[in-house]
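Student: I have a structure open and would like to talk it through. Could we start with one of the helices and then turn to pockets?

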Amino acid sequence: MPLQIEDGLPQLQKVVGLAQQFDLILLSAVWMHLSPSERPLALATLSGLLNSTGLLVISLRHGPSPDARVMHPVSADELLALATDCQLALKDSSQDETDKLGRTQVHWQTLVFTPKVVPNATVPEANAIIQGRHHAD
């Protein structure tokens, strides 16, 4: 039986406590439930859970909330800016997917991220980059 863990964003304390990294993380119809103030920590947490070749897939729901559930407006631009801060690169995206439940006022957008990799940086080169940043402060 698969392991089931009840946890929650933005911190995912139980999942982070497993000290594992993942090939794929999927957030389907989740992002709009996080407040804008929770999103930077949530994305940083998710980024830290990806292995070096992992994929983070996030669907964005655009449209009105039909019930009492709290939903916040989302935008790809906001998510892309947060991804840059978390060293995530956009690998693929979709635009204006129709709603599978037939809701005409709702449409979806999917963004796929992967961790940015420093190309061919050796340990001494990485240390020089870090030291250079400290001296620049």
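Student: Which residues of helix H3 are buried?
Tutor: This is a predicted model. In it, helix H3 covers residues 76–85, and its buried residues are Ala76, Leu79, Leu82 and Ala83.

Student: Where do those buried residues lie when one looks down the axis of H3?
Tutor: They fall within an arc of 125 degrees, so they line one face of the helix. In general, an α-helix has 3.6 residues a turn, so residues three or four places apart point the same way.

Student: And what does the face turned away from the buried side carry?
Tutor: That face of H3 carries the exposed residues Asp77 and Asp85.

Student: What do the buried residues of H3 pack against?
Tutor: Their partners are H2, strand S2 (50–62), strand S3 (88–93) and strand S5 (107–115).

Student: Which residue with a positive phi follows H3?
Tutor: Gln87 does, and its phi is near 60 degrees.

Student: How do the lining residues divide into nonpolar, polar and charged?
Tutor: There are 13 nonpolar residues, 2 polar ones and 1 charged one in the lining of the largest pocket.

How values were computed. Residues numbered from 1 in each chain as written. Predicted model: local features only at pLDDT ≥ 70, side-chain atom pairs only at ≥ 80, totals over all residues. Heavy atoms only, no water. Nonpolar A, V, L, I, M, F, W, Y, C, P; charged D, E, K, R; others polar. Buried < 20%, exposed > 50% of the residue type's maximum accessible area, 1.4 Å probe, protein only. Helix = DSSP H or I, 4+ residues; strand = E, 2+ residues; numbered from the N terminus. Arc of directions from axis to C-beta. Contact = heavy atoms within 4.5 Å.
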